[in-house]
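Good morning, colleagues. I would like to take you through one structure, beginning with a helix and moving on to a sheet and its salt bridges. Please look at the display first.

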Amino acid sequence: MQNSVHTVDDTAWTIAVQRSEVLRPLAEKQRLSLCEVDEAARLLQISIPHVYRLIRKLRAEQTTSAMALQSPGPRKGRKRLNLNIEQIIDQAIDRLFMKRERLTLKRFYGLFVLDCRARGHVPPCFNTVLSRIKARDLKNTVRRRNGKACAEATFHQIQGGLEADRPLEIVQIDHTKVDLMLVDDVTRASIGRPWLTLVMDIHTRMVLGFLLSLEAPSTTSVALALTQAVLPKDAWRAERLIENSWPACGLPRCIHVDNGSEFHSRAFERGCEQHGIQIAYRPPATPRYGGHIERLMGTLMHRIQALPGTTFSNVVERGDYRSEERACLSFREFERILALEVLGPYHNDVHRGLGQSPIARWTSATEITVSRHPVDSQSFLLDFLPYETRVIRRDGVRLFNIQYQDGGLAHLLGSSDTRLRVKYDPRNLSSVYVELPDGDHVRVPYADLRREPITLWEHRRAVRSLKDEGRRSVDETSIFAAIREQRAILDDARAQSREARRNVVRREVAHEEIERLSGPRQSRSHAESENDEDRILMPAPGTHSGVEIW
């Protein structure tokens, strides 16, 4: 068996070189004289038969490493146990060790010893059994003990990396639950951990946008984060008193995402198609394909772990640290801290993969490239909101058992097809947006303007509670009555229950955000007035209403 050059130690290699220099001329000859063999034996201080064996080996292998000293004892890999013991070891490894329960080596060896003695054999030592385990194919061992996903993550050969040649060519979006407990603004008691949605540009490593939310990842969270990423952020920074610049904006050419349901929604796919954005999905169960944004989220979570109330990455790291007791940051306070961390240290520190800071790469790259921007920034969010198809009737449109009505729908009643897409913002159901055949949107408020704004999660909880009471069907009046009752209960329980505090903050954040995005034009749908004079009534035939077209 040929030795590897790198496995031979220095002393053995020196002897091998000496033997090669003496014996190689003899190995090249057809016939050898006894004098030549005797002289070689004298120079190498070995026997004549040994010289002949080395010459035959050198002729066969043609390498200097063939002349290395052989370790005493049996050849490596040779088995000296009888066949019955070898079979018992193999069977025990397959039956006991190669299992998802993952027995420890000590526990496995103990069971093997009992099995071996039960068959009337003397069990081999621990190291002998361990050598048989190590001789198995490592990838197959990991697959059988840890699962296919772990084996793929450990042994899959990575084919290069995801690279982009210019800004906004490839953008990644992903979510993570933040390693931090937040508190209620009023009681300063814990409300739990928020979710973070990040949008990142691959070429510059710039954070294009982010969304902090108490809601689990959804189509709406993706739409809001993408809207912030695409549109200018001067107003957003001014509201939070942030002076750091954030020049990143523009439509991406490709969005690279995982296989979450929010990225397979009709609204997300149609919105991307509307604005010429390609969607690239990662292969299922392969987080390594999202390495750029995964590393960014890891970097941010590591920095967040320095804040009071952190939960750290796992229970081992947390130890006896009491996260809820140490928590002191509210939702808005943490949002501002996170923004300052991104726009300050992260954007301005030298990125190891770039050799320069993300903001410097963005500035230099955007000077020589032209980015696309939405023609109508106000309707961009609407293109990504979830929607349902509904029939436009004389009394308006019905969604979630709530009636919506506006005079701007009158001209649709005479059309051949009155089934249109009705879009909604789950954070505020006080109005919906009917998509017209030409692509514009009509904002349609409650038919009863006395109704207060509600969120979709409040609506679903109210419907669920009503059905739990035994109702087979629910109407609009009972839904709003249930929501008002639940809100009163939440406000009273705010000081006692973390879930109640979290729900109150969810409602407040949704209300603040929808007001910020909508501006004064949206305020009409908030039912501030107690009379119906604010509503645009259905116009007479041939006339036109003052409806808002988005």
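Predicted model: local features only at pLDDT ≥ 70, side-chain atom pairs only at ≥ 80, totals over all residues.

How many of the residues of helix 9 are buried? The answer is 12 of its 12 residues, and helix 9 is thus described as mostly covered. Buried here means under 20% relative accessible area, exposed means over 50%, and partly exposed lies in between, with a 1.4 Å probe and protein chains only. Among the buried residues of helix 9 are Thr219, Val222, Leu226, Gln228 and Val230.

Residues are numbered from 1 along each chain as its sequence is written, and side-chain values use heavy atoms, with hydrogens and water left out. Helices (H or I, at least four residues) and strands (E, at least two) are DSSP runs, numbered from the N terminus.

To return to helix 9, it covers residues 219-230 and reaches 16 Å from its first C-alpha to its last. That is close to the 16 Å expected at 1.5 Å a residue, where the expected span is 1.5 Å times one less than the number of residues.

Four strands form an open sheet in the order 8-11-12-13, with antiparallel pairing. Two strands are taken to pair if DSSP finds at least two bridges between them. Why is one side of strand 8 and of strand 13 left without a neighbour in the sheet? Strand 8 (387-391) and strand 13 (441-445) stand at the edges, and each has a single partner strand, so one side of each has no neighbour there. From one strand to the next, the twist averages 35°; the axes are lines fitted to C-alpha atoms, and angles run from 0 to 180 degrees between N-to-C directions.

Strand 8 is joined to strand 11 (residues 419-425) by 5 bridges, and the two run antiparallel. Within this pairing, Tyr387 stands opposite Lys423 in strand 11.

Lys423 also leads us to the salt bridges. A salt bridge is a side-chain nitrogen of Lys or Arg within 4 Å of a carboxyl oxygen of Asp or Glu, and by this rule the count comes to 27. Asp383 forms one with Lys423, the closest N and O atoms being 3.9 Å apart. This pair links distant parts of the chain, 40 residues apart: Asp383 is in the loop between helix 17 (377-380) and strand 8, and Lys423 is in strand 11. Asp383 counts as buried at 10% relative accessibility, as does Lys423 at 3%.

Glu435 lies in strand 12 (residues 428-435), 14 residues from Arg421.

Glu86 and Arg132 meet in a salt bridge at 2.7 Å, N to O. Glu86 belongs to helix 4 (residues 83-97) and Arg132 to helix 6 (residues 126-134), 46 residues apart. Glu86 is buried at 7%, and Arg132 is buried at 14%. Thank you for your attention.
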